[in-house]
Amino acid sequence: MASFVYIIFGSCENITIGPTAIMATMVQPLVTDYGADMAVLIAFLKGCIIALLGILHLGFLLDFISLPVITGFTSAAAINIASSQFKSLLGIPGRTESFLDSIIAIFKNIEQIRYQDTLLGIGTIIVLVLFKKLPGQRTGTILQKIGWLLGLSRNALVVISGTIMAYIFYINGQNPFKLTGTMGQGLPPIAPPPFSTTFRNQTYNFLDMTSAMGTTLFTIPIVSTIEHIAIAKAFAKGKSLDATQEMIALGVCNIFGSFVRSMPVTGSFTRTAVNHASGVKTPMGGIFTGVLVLLALGLLTSTFYFIPKATLAGLIICAMYYMLDFETYVLLWRARKIDFFVMMLTLLPCVFLGLEYGILIGIVVNLIALLYFSARPNIQTKIEQIEGETVIIVIPEESVAFPAAERLRANIMKLSGESECNVILDCTNLKRLDVTVAKNVKLLGRDLSVRGQTIVCSNCCENVNATLKVVAPELLDLKEDKF
């Protein structure tokens, strides 16, 4: 459903909307405890929230989520998703919920490791890595075209090969691998999303269901939107991106999807990368994605039975490894250490506390860093002789907002006290001045007058001049007298 709906509302040429590992990780606990209806309802509610934010033109809020936060989040998601496949890779039964659970489960069940599944899983990873590194291009010699095709279709090839291998063993009376097993065939009915559900002989109304969702009801829209916009930005290739339109498109995709029992959907890193590599030029590529999924659901579900779990695990682990952006880690470390630490303070909580808590911690830490530097702007000071008078010239090197007002006042008072000179506040770099800062400058003028000193403002732009005329006109009058 999302593939078809995005054609109408989406703006990114090759992004693919659908179920993702991150969304599955976040809704899986709810589905385990309350049934599949929870995933459908949260898709509907999430769609309403995101679409409403888009309609209200709140896409600019995503500008407050920086590259370090996005990098930390996507890396943690990759680690969590990959670690959830460790048991399947080794043939150990059961599921795990987190990175720590996965590591602990391996050591607790080390005697249950099956060498057949382990060899198949590791072999799958090796083949995927080798095929990815095959030289080739879409246009060129036959060998180059074959290399390009093998690299592009490597995921499908390993799954098909694993399925054929498992089927051959099956018809010969052997079952060395743990298989995916039976999957339901056909399409779900079109119906409104469930606002009540019965699971394990217990009925939950709408209020019960939303209460059970807890913070997930709010973190899933945030995480989904971040993931989607991050993918859209990554594949925009310099083109402008309408974040508001993308939010509306994502919201509508989830709303429509909930009427055909869809889980929450968002942009997919892996499938979008395949689309981009395949040369998809418009959102119309979603037609092919949607049609192929419908054909698979209608005709191929019996084939899914023979897909080895170790093959899928190897495929997912390999895909998640390539989501780890080592180049960006090095860039953050070399360019600005604090951005690297913001990234780490997003990544570690996401891995050990959960994606929803980690992304919130990352956003908060990033905003604290932003506010800190807003309250500690760089200020240049120098002492010069002007018309035979020694004065202190104070030049803010960037905008001064209200968090920095008191600090600016205190610094100037300290400097003027040490030199006993008059002060000139050079406003060359100030494009605007809020009332708090202007009021503090006015109070600063009064404090300096007690010492027999003055402060004047120079090189004010129109906006700064207009604010000072209302709040502290005497500073401008003094400026005019002096110069």
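**Entry 1: α1 and α14**

I began with helix α1 (residues 2-9) and helix α14 (residues 285-299), which pack at an angle of about 165 degrees with their axes 8 Å apart. For the axes, lines are fitted to C-alpha atoms, for helices over the stretch in contact, and the angles run from 0 to 180 degrees between N-to-C directions. I noted that α1 and α14 are therefore roughly antiparallel to each other. The cut-offs are under 35 degrees for roughly parallel, over 145 for roughly antiparallel, 65 to 115 for roughly perpendicular, and oblique for the rest. The crossing of α1 and α14 is left-handed. Left-handed means that the near helix is turned anticlockwise from the far one by less than a right angle; right-handed means clockwise.

Which residues of α1 and α14 make the contact? On the α1 side I found Ser 3, Phe 4 and Ile 7. On the α14 side I found Gly 286, Ile 287, Thr 289, Gly 290, Val 291 and Leu 294. Contact means heavy atoms within 4.5 Å. By class, the contact of α1 with α14 has 5 nonpolar, 4 polar and no charged residues. Ala, Val, Leu, Ile, Met, Phe, Trp, Tyr, Cys and Pro count as nonpolar, Asp, Glu, Lys and Arg as charged, and the others, Gly among them, as polar.

**Entry 2: ground rules**

I am reading a predicted model, where local features need pLDDT of at least 70, side-chain atom pairs count only at pLDDT 80 or more, and totals for chains, interfaces and linings use all residues. Residues are numbered from 1 along each chain as its sequence is written, and side-chain values use heavy atoms, with hydrogens and water left out.

**Entry 3: the whole chain**

I listed 23 helices and 8 strands in the protein. These are DSSP runs, numbered from the N terminus: helices are H or I with at least four residues, strands are E with at least two. The C-alpha atoms fill a box of roughly 105 × 55 × 50 Å along the principal axes. The radius of gyration is 30 Å, while a compact globule of 483 residues would have one near 23 Å. That radius is taken over C-alpha atoms, and the globule rule is 2.2 Å times the number of residues to the power 0.38. I also noted that 44% of the 483 residues count as buried. Buried means under 20% relative accessible area, exposed over 50%, and partly exposed in between (1.4 Å probe, protein chains only).

Next I looked at helix α2 (residues 21-34) and helix α3 (residues 37-55), which pack at about 130 degrees with axes 9 Å apart. That makes α2 oblique to α3. Met 23, Val 27, Leu 30, Val 31 and Tyr 34 of α2 meet Met 38, Ala 39, Ile 42 and Lys 46 of α3. I sorted this contact of α2 with α3 into 8 nonpolar, no polar and 1 charged residues.

How do α20 and α21 run, parallel or antiparallel? The axes of helix α20 (residues 405-419) and helix α21 (residues 435-450) come within 9 Å and cross at roughly 25 degrees. α20 and α21 are therefore roughly parallel to each other. Their crossing is right-handed. In α20, the residues that meet α21 include Arg 409, Ile 412 and Met 413. Their partners in α21 include Asn 440, Leu 443 and Leu 444. The contact of α20 with α21 divides into 7 nonpolar, 3 polar and 3 charged residues.

**Entry 4: loop residues**

Most residues other than glycine have a negative phi. I looked up two with a positive value. Asn 201 has phi near 65 degrees. Asn 201 sits in the loop between β2 (197-199) and β3 (202-204), and is exposed at 83% relative accessible area. Arg 261 has a phi of about 60 degrees. Arg 261 is in the loop between α12 (243-258) and β4 (266-267), and is partly exposed at 39%.

Is Gln 85 buried or exposed? Gln 85 counts as buried, at 15% relative accessibility. Gln 85 lies in the loop between α4 (67-83) and α5 (86-90). Beyond residues up to four places away in sequence, Gln 85 touches Ala 313, Ile 316 and Ile 317.

Leu 312 lies in helix α16 (residues 309-321) and is partly exposed at 30%. Its C-alpha atom is 9.0 Å from that of Thr 180, 132 residues apart along the chain. Phe 304 is in helix α15 (residues 301-304) and is partly exposed at 22%. Its C-alpha atom is 7.3 Å from that of Thr 182, 122 residues apart along the chain.
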